[in-house]
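Good morning, colleagues. Please have the structure open before you.

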Amino acid sequence: MDVSEAMSICFRNNTKVYPVFSKENKYQIEYSVKDIPKTRYIKRLNNVKEVNKAMVNTYIFIAKKLLLEKNKK
């Protein structure tokens, strides 16, 4: 699955992934799913390349999770 397909699935299911500037001048990835409160990953990222890679991986992970949930129903 590529990132554009994963983002499309996430957007259709009201799921957003975004970087958050945290303490210590580092970034963290946070995501919100329609009915679930915001979830923030613990890992702190140092630069923009790490943030981009983490966002791509998060979108793909959540999209696969959403597809599995739909298939179960």
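This is a predicted model: local features need pLDDT of at least 70, side-chain atom pairs count only at pLDDT 80 or more; totals for chains, interfaces and linings use all residues.

Helix α1 passes helix α2 in a left-handed crossing. Helix α1 spans residues 3-12 and helix α2 residues 48-72; their axes come within 8 Å and cross at roughly 55°. At that angle α1 counts as oblique to α2.

Which residues make the contact? On the α1 side they are V3, A6, M7, I9, C10 and F11. Helix α2 contributes V56, Y59, I60, I62, A63, L66 and L67. By class, the contact of α1 with α2 comprises 13 nonpolar residues, with no polar and no charged ones.

Let me now turn to the strands. Strand β1, residues 16-22, runs antiparallel to β2, and seven bridges join the two. Within this pairing, S22 stands opposite K26 of β2. The hairpin of β1 and β2 has three residues between the strands, and in it E24 adopts a positive phi near 65°.

Strand β2 also pairs with strand β3, residues 36-40, again in the antiparallel sense, over three bridges. Here V33 is opposite I36 of β3, and the hairpin that β2 and β3 form has two residues between them.

Finally, why may β2 be described as largely enclosed by the rest of the structure? The strand covers residues 26-33, and six of its eight residues are buried, so the rest of the structure largely encloses it. Buried here means under 20% relative accessible area.

Thank you for your attention.

Notes
Residues are numbered from 1 along each chain as its sequence is written. Side-chain values use heavy atoms; hydrogens and water are left out. Buried means under 20% relative accessible area, exposed over 50%, partly exposed in between (1.4 Å probe, protein chains only). Helices (H or I, at least four residues) and strands (E, at least two) are DSSP runs, numbered from the N terminus. Two strands pair if DSSP finds at least two bridges between them. Axes are lines fitted to C-alpha atoms, for helices over the stretch in contact, and angles run from 0 to 180 degrees between N-to-C directions. Angles under 35 degrees count as roughly parallel, over 145 as roughly antiparallel, 65 to 115 as roughly perpendicular and the rest as oblique. A crossing is left-handed if the near helix is turned anticlockwise from the far one by less than a right angle, and right-handed if clockwise. Contact means heavy atoms within 4.5 Å. Ala, Val, Leu, Ile, Met, Phe, Trp, Tyr, Cys and Pro count as nonpolar, Asp, Glu, Lys and Arg as charged, and the others, Gly among them, as polar.
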